[in-house]
Each structure stands twice: as C-alpha cells, then as structure tokens.
Amino acid sequence: MATTTASINIGSDIMSYPININKTMTMKKLASCHGIEETSGLSNKKFSATTAVILVLNTEGTAGKASKVYMRNTGADKANFFYVSLNASAAAADTTETIGRLHGGDWMLIPWAATANASHNIVVAPNTAEPMTIEWMVFQE
Amino acid sequence: MATTTATVSISSSDLQPGNRLSINASSRLMKTGLTTGLELMEMGNASIQVGSPTEHSLAEALGTADSANWVYICNTSTDDTYNTEIVINETVLGYLNAGEWLWMPWNNGDTAAEIEVQAIGGTNTLEYAIFKSAWTLPTATA
C-alpha cells in the first residue's frame, strides 16, 4: 500500500480577519483506509493552438473509484489560460461542461469518477495559440 | 486589493518505486486575466445526510460567466466508510473520502454549473470556501 499525501494552504486577507486554511490528506481508495496504488506519472504537454484535446481519457481510470487529478498551467501570464471541462468533445467558454479556467500558474486537484463514458473525459483547450504548457498527474486505485 | 494565495504539496515515497514524488505549486488568485486579486468569498461548514434529498446544493452558480472563481471543499468526516459525491453540471465529478479535499476553478456564471454534494455511507460534514470574482445575492422573496 502506497502513501500519498497532499497538503493545501490557502492564505487570504479578503476578510477583515486573516483566512488561513491548512489541510493535509492521504489519498485513499474509495471508502477504505488503504492508500491508492496507481498513477499516470507526472506528464506535461505544450500547446500552440486553441484546439480542445482530451487530456485524461475516461477509460484510464476505473469507474466508481476515488481517483484524483492534479493539473497546473505552468505559464506565468494570467491573461493566458486553459479551459478545463468534463466533456465528451470540447471545452469552450460558457459551455455547461466547463469546470473553469486555469490561468498562468494556477493549479487544481480534484476527485475524478472515471465512469466509462465520454462525458467523464477531462478536456482542455487553450484560449490562445501562444505557446502554453500544462502538467498533470492522475492518481487512482 | 486582496491577496489570496493557494499552495499545494503532493508527496509520496512509495507510489512510484525508485522515483520519489514531490510536487509543489503556488498560485495567487486573480480576477479573470487581470493583475488584481479576488475580493469576494464565502465559507462555511455543512452537514449532509444520506437520503432525501439525495443531492444537496452546496453552491448555486450566481456569478458571472467565464470569470475566475475557486472552490475548496473538504470532507471532514472521520469514518473511512463515509464519502461525499461531488457533482457539477449534473455530472459526477468524483468522490471525496473522509479527510480528503479538492481545489478547483469554477465557471459559476453558467446556471447549470451548480455544485451539488451527496453523502454516502453516513452523515458527512463538509467545510468549504469559495473565492469569487462577482457575487449577486438572490432576490429576496416578498
């Protein structure tokens, strides 16, 4: 059994009092005390077109499990971003399947139900043809 | 202008034998494509029960389309058999086991993008924080 931990720290002065969220989790199999044991490994891809592509294919995982996906826009320009969506085909502005945007330097870590259906593909699309790189890693049972 | 920073560290010494995993990243939360920080947020603690209603609305999508928003959710339950199903756009995103958290961007201007949660195994407790570009409160009922 592998032990994989992820820690988040969120610090903010939005409120009139300091916000400081610190949480560490051990990634476990669904409803289990045992740690996840498989991973895609850390990958990265450079884009130079706005075409949407499937970054994580639904068949990479097993349905009904507690998989996780980490992604990060490795750029620094906040004007350039990736649309990230849970979709069969494309990510684009304002589609119902768009989860959100990863601007330069932004990262995300989400649970992922790898249901064997194209609607559970994770799709990304750059907003610009300027070179932009995304890195990602899938953790699964 | 507010400053909000989110940092992650992911590590494992044995997930990839012979290749110690260590990922570290940090990001400052900005308004869409700008250099000014997000200035609105809500946070809370919730208890969700198994059963009717099956899915509970954690956050309604009442923001601006294609704006920068961020969501943190943690299942603070301690029983390993309790987990929370996370739903967005009426599609199951995934499951948070007891003690697990998520951090994700959220396109909260699309009315279909409501974030829903469902308790599995028992009554789950969640803590959450949502950082927003814009926030329109619902109209009060007469």
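The model is predicted.

Chain B is built from strands. It has 10 of them and zero helices. Read from the N terminus, its elements run β-β-β-β-β-β-β-β-β-β. The C-alpha trace of chain B spans about 60 × 45 × 25 Å along its principal axes. Of the 142 residues in chain B, 46% are buried.

The contact between the chains was examined next. Chain B contributes 56 residues to this contact, and chain A contributes 53 residues. On the side of chain B that touches chain A, several strands each supply at least two residues. These are S1 (4-12), S2 (21-28), S5 (70-75), S6 (83-88), S7 (91-97) and S8 (101-105) of chain B. S1(B) gives the largest share of this side, with nine residues. By residue class, the side of chain B that touches chain A divides into 29 nonpolar, 21 polar and six charged residues.

S1(B) also pairs across the contact. Its partner is strand S1 of chain A, residues 4-12. Nine bridges join the two strands, which run antiparallel. Within this pairing, A:Ile10 has B:Ala6 in S1(B) as its bridge partner. In general, strands of a sheet pair through backbone hydrogen bonds, in either the parallel or the antiparallel sense.

Chain A holds an open sheet of four strands. Their order is S5-S10-S7-S8, and the pairing is antiparallel. Strand S5 (53-56) and strand S8 (98-103) of chain A stand at the edges. Each has a single partner strand, so one side of each edge strand is left without a neighbour in the sheet. Neighbouring strands of this sheet are turned by 35° against each other on average, direction ignored.

Strands S7 and S10 of chain A are next to each other in the order of this sheet. S7(A) covers residues 81-86, and S10(A) covers residues 122-126. Five bridges link S7(A) and S10(A) in the antiparallel sense. Here A:Val84 stands opposite A:Val124 in S10(A).

How values were computed
Residues numbered from 1 in each chain as written. Chains lettered and ligands numbered in written order. Predicted model: local features only at pLDDT ≥ 70, side-chain atom pairs only at ≥ 80, totals over all residues. Contact = placed C-beta atoms within 7 Å. Nonpolar A, V, L, I, M, F, W, Y, C, P; charged D, E, K, R; others polar. Pairing = 2+ DSSP bridges. Buried ≥ 20, exposed ≤ 12 C-beta atoms within 10 Å, placed from the backbone. Axes fitted to C-alpha atoms, helices over the stretch in contact; angles between N-to-C directions.
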